[in-house]
Amino acid sequence: MKLKHVLFCLLMVSSAASAQNLMGISGSPYGGTNSLHLNPAFMADSPHSFYLNLAAGNAHLNNNYVRYNGPYSLLAFALGRIPDQYKRPDGSLLFKVDYTEEMLNGREKSGSLLAELRGPSAMLRVSDQVVIGLTTRLRTANQFKNADEELLSVIRLGLKDDQIYNIPNRNNQFSFNSNTFTEVGVALAATVLENDYQKISLGATVKRVRGLASGHLINRGLNYRILSDPSTNDVYFQVDQLNAELGYTTYLGRKGRSLRLRDVFDNNNPGRGWGLDLGLSYQLIDEDDASRYRLRLGASLMDMGSVRYYDADRKEVERYRIEETNSRFSEEDFFGVKNSDDLVDVLREGLDLTPATNTGEYRSGLPTALVLSADMLVSGNLYLSGVLIQDMRPRFAVTMHQPSLLSVTPRYETPRFGLALPVTYLNQALVVGGLVRLGPFFAGSDNLLGLIGSSSSRFRPRGADVYAGLSFSALRQKP
């Protein structure tokens, strides 16, 4: 496998999913435990006396570097329904570089592939003012931020373009973070002020986090050139200077397996940490129906905290500070690379990273974000909501990032039926989604067009998103 294919596949994996927010359901008063992940104070505002989430899942892709222009849709890819003509003889997927189109505008590029499984979760109203909750989640993310277009083009197209030879590229910076972790949260929400006209609620969730897999490459300064060796006619990537940090875990990879259910409960996984969500909600009560609001405003600070990865033997957690000059990588160095672990081995050898320089410990932050929201009853059962989410982590931090976004969602709501049409500005683009909630089941997307775009359609998506869930609930009796 050639260098450009290895690195570009990793790039696409890191930029392939929507932002784990389930915008169609999380802002709904009937969202139950799904609303808790937007603002824990919303539990106190819930019309439910009891809510049980059996399972919910979300997968999301967004980036601002390439558009997808392949012959099959991303939905067909997700469902495994790729025609045989686009596969290799061994049945594996044949993904060509020209299935993507660059969007070059001189700006730094970012992308996220996010996935989440919300396991059994419940909320219970213990009094008119107090609600308690329990949540479980598995979250995974692969993300790159603030990458230079020229470097991404080298990764995408390879080293054979002689127009880029011997052109110095200085002070190139970017960050890459990969995280997979579970969390168990205990939530409490309470109404602290209520009268006939208004209501104020506070909420908090304390989460125990267990890290299963993690990796990062934080490049704070890279000077490089693409050079040709006249004696061999080989082309190589010349690292003139590099100031970076590399860290990763080998808990799963060195065992030669992917994540399994037993790993979630394994006490030997390498990461431990805590998280905290805090929220505030203010309501103006509907004068015609005291059981619902006419306007709800919310503010929350989500996912504060971090995960500590540590291994006293320095075998399953590795961290290196890199100050390197005059290193080179050729495409031949990457022959035989099949996964990220193989790629790390090549980087370790090429950058002369030895066990003696491995500290065996680092911290990876949770995706801390500020969330501001407003939800207004327009008429009858028609609502209009707006959500602003702002990533609060520094651009070159070792952390999972919450993609910043602004979303506006018109919704039609009844206790047993709901429709929503979220319109979201994310990564310098507008995306349109949809949601259907019918009894205990809901399904939707924050980026519907991204699921169906291909070379045979007019849509050239920059990402896609899909989610669904199943729950049971009981409504409170009206006062």
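# Salt bridges, rings and patches in a predicted model

Mentor: Let's begin with a network of salt bridges that links Glu 116, Arg 118, Arg 137, Arg 139, Glu 183, Lys 207, Asp 277 and Asp 303. A salt bridge here is a side-chain nitrogen of Lys or Arg within 4 Å of a carboxyl oxygen of Asp or Glu. Bear in mind that this is a predicted model, where local features need pLDDT of at least 70 and side-chain atom pairs count only at pLDDT 80 or more, while totals for chains, interfaces and linings use all residues. Residues are numbered from 1 along each chain as its sequence is written, and side-chain values use heavy atoms, with hydrogens and water left out.

Trainee: Why would side chains pair up like that?

Mentor: Side chains of opposite charge can pair when their charged atoms come close.

Trainee: OK, how many salt bridges does a search of the whole structure find?

Mentor: It finds 23. Take Glu 116 and Arg 118, whose side chains meet at 2.5 Å, N to O.

Trainee: Are those two buried or exposed?

Mentor: Glu 116 counts as buried because its relative accessibility is 6%. Arg 118 is buried too, with a relative accessible area of 4%. Buried means under 20% relative accessible area, exposed means over 50%, and partly exposed is in between (1.4 Å probe, protein chains only).

Trainee: And which residue does Asp 303 form a salt bridge with?

Mentor: That's Lys 207, with the closest N and O atoms 2.6 Å apart. This pair links distant parts of the chain: Asp 303 is in strand β11 and Lys 207 in strand β8, 96 residues apart. Both Asp 303 and Lys 207 are buried. By the way, helices (H or I, at least four residues) and strands (E, at least two) are DSSP runs, numbered from the N terminus.

Trainee: What about Glu 245 and Arg 321, how far apart are N and O there?

Mentor: Their side chains meet in a salt bridge at 3.9 Å, N to O. Glu 245 lies in strand β9 and Arg 321 in strand β12, so the pair ties together parts that are 76 residues apart in sequence. Glu 245 counts as buried at 3% relative accessibility, whereas Arg 321 is exposed, with a relative accessible area of 60%.

Trainee: Switching to rings. How many aromatic pairs are there?

Mentor: The search of the whole structure turns up nine. One of them is Tyr 224 with Phe 237, a stacked pair at 4.8 Å centre to centre, with 15 degrees between the planes. Tyr 224 sits in strand β8 (residues 198-229) and Phe 237 in strand β9 (residues 234-249), 13 residues apart. Both Tyr 224 and Phe 237 are buried.

Trainee: What makes a pair count as stacked?

Mentor: Rings of Phe, Tyr and Trp (its six-membered ring) pair if their centres lie within 6.5 Å; planes under 30 degrees apart count as stacked, over 60 as edge-to-face and the rest as tilted.

Trainee: Which kind is the pair of Tyr 293 and Tyr 383?

Mentor: Tyr 293 and Tyr 383 are edge-to-face, 6.0 Å centre to centre and 70 degrees between the planes. Tyr 293 is in strand β11 (residues 293-310) and Tyr 383 in strand β15 (residues 382-391), so this pair ties together parts that are 90 residues apart in sequence. Tyr 293 counts as buried at 3% relative accessibility, and Tyr 383 counts as buried at 5%. Elsewhere, ring pairs link Tyr 68, Tyr 72, Tyr 86, Phe 95 and Tyr 99 into a cluster.

Trainee: Now the surface. Which residues form the negative patch?

Mentor: Asp 234, Glu 332, Asp 333 and Glu 349. Asp and Glu count as negative and Lys and Arg as positive; His and the chain ends are not counted. Patches are made of residues with over 30% relative accessible area and no salt bridge: like charges are joined within 9 Å, nonpolar side chains (Val, Leu, Ile, Met, Phe, Trp, Tyr) within 5 Å. The place of a charge is taken as NZ of Lys, CZ of Arg, CG of Asp or CD of Glu. Areas come from the Shrake-Rupley method with a 1.4 Å probe; for residues, only the protein chains shown count as cover.

Trainee: Where's Asp 333?

Mentor: Asp 333 is in the loop between β12 (317-330) and α8 (340-350). At 36% relative accessibility, Asp 333 counts as partly exposed.
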